[in-house]
Amino acid sequence: MKTQNRMKIITIIIIIIAIVLVIIGLGGNKESKINQDKDIIGGKTPIEMCYYRRTPTDSGFSDVAWIKLNILDEKITGEFQHLPAESDSKVGTFEGTVGPLDQSIMGRRALVWWDSLAEGMNVKEELVIEFGDGSATVGFGEMIDRGDGVYIYKDKANIYYIDQMSQMDCESLDEKLFVEKYIRDNIATIATDKAVLGGTWYVTIVNVIPATDTGEVTYEDGHIQSKANFVYTYQKSPQNITITKFEVKK
C-alpha cells in the first residue's frame, strides 16, 4: 500500500514538472517571436547585398572581386576581397557608415574602415564604397598614415574606382565561393586525367554558375594544361558539395 502511494506521488510530481517545462518553453518561444517582430518592425533586420565580378585577362587568368554588405540604418559592415590576376590580393572585413541616396551616382556611398590583409600584413585603412541596384565599386588611391597606424586617402579627389561588380543573390555568392574553393583545394583528386612527369594539378581559373550547378575549370601541372566542365550538387547547411560529373575538354 505504501509502495502504491509512493508511486502515485512520484507520478504526480513528474506530471507537474512536465507541465511547468511546457509553460516555460511556450513563454520562451513567445518572447523570441516578439523580439523578432520588434526587430523587423523597428527596421533592425540588416539589409544584405552582394556583388561579384570576374574578368578574364590576356594572360589567361582572371581578375576577381566581390563584396558583401550588411546595412542597418546608417551602419554598414561587410567583407571585401580584391583578387587581381597579376598583382597582390587584398582582403578583409570592414565597418563604417552609409549615406542616403546620391542622385549623382544613382546609388549610396559608404565610408568604412577596412581591416585589410595583403602580403601577410594586416592594416586598417579608409575605404569608399559606392553601391546601388545592380552594381557596386570600391575606391582606391594613395594612402598615408594618419599618425596612429591607420591609413587614410592622401587626396580623396584622386580616388580611382575598380571595375563595377555586378549584384547577385548572397546565397548564390556563398555557394559560388564555397564550390570554387573546394575545386581549387581538391583538383588533384577531382580531375579524371593524370598529371605528367611527376607534376601535381593546380587550378589557374575556376568559374562556378550556381543557377545551373555547373562550372568550368582550367588547371595545369607545370608541364601541361587541361580544361574541364563539371556538374555538382550543393548542400547549404552544413555546407557540402559532391562532384557528380567531371568532363575533360578535348
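Predicted model: local features only at pLDDT ≥ 70, side-chain atom pairs only at ≥ 80, totals over all residues.
Reader: Let me try a helix. Where does α2 bend?

Author: Helix α2 covers residues 170-190, and at Arg184 it bends by about 50 degrees.

Reader: Which residues of α2 are buried?

Author: Here is the general idea before the case. An α-helix has 3.6 residues a turn, so residues three or four places apart point the same way. Now find the buried residues of α2 in the model: among them are Lys176, Val179, Glu180, Ile183, Ile187 and Ile190. Cys170, Leu173 and Glu175 are buried as well.

Reader: What about a strand residue: is Lys68 buried or exposed?

Author: Lys68 is in strand β2, residues 62-72. Its relative accessible area is 18%, so Lys68 counts as buried, the cut-off being under 20%. Next, look at its partners. The side chains of Lys68 and Asp174 are joined by a polar contact of 2.3 Å. Leaving aside neighbours within four places in sequence, Lys68 is also in contact with residues including Met49, Phe94 and Leu173.

Reader: Can we do Gln81 in the same way? Which residues does it touch?

Author: Gln81 sits in strand β3. With a relative accessible area of 17%, Gln81 is buried. Not counting residues up to four places away in sequence, Gln81 touches Val64, Ala65, Trp66, Lys90 and Val91. The side chains of Gln81 and Glu79 make a polar contact of 3.1 Å. Sequence and space can also be set side by side: Gln81 and Gly92 are eleven residues apart in sequence, and their C-alpha atoms are 6.5 Å apart.

Reader: And pockets? Which element gives the largest share of the lining of the largest pocket?

Author: For a pocket, look at its space, its lining and where that lining comes from. About 430 Å³ of space lies in the largest pocket. Its lining has 17 residues, and Val64, Trp66, Leu83, Glu180 and Arg184 lie nearest the centre. The largest share, four residues, is supplied by α2. At least two residues each come from β1, β2, β3, α2 and β12. By class, the lining holds ten nonpolar, three polar and four charged residues.

Reader: Where does Asp73 lie, and what is its phi?

Author: Asp73 lies in the loop between β2 and β3, and its phi is near 60 degrees, a positive value. Asp213 has a positive phi too, near 55 degrees, and is found in the loop between β12 and β13. At 30% relative accessibility, Asp213 counts as partly exposed.

Conventions:
Residues numbered from 1 in each chain as written. Heavy atoms only, no water. Bend = angle between axes of the 7 residues up to and from the residue. Buried < 20%, exposed > 50% of the residue type's maximum accessible area, 1.4 Å probe, protein only. Polar contact = N/O pair within 3.5 Å; in protein donor to acceptor, adjacent residues only side chain to side chain. Contact = heavy atoms within 4.5 Å. 1 Å grid on protein atoms, 1.4 Å probe; cavity = no way out; pocket = protein on both sides within 12 Å on 5 of 7 lines; lining within 4 Å. Points joined across faces, edges and corners; volume = space filled by probe spheres on them. Nonpolar A, V, L, I, M, F, W, Y, C, P; charged D, E, K, R; others polar.
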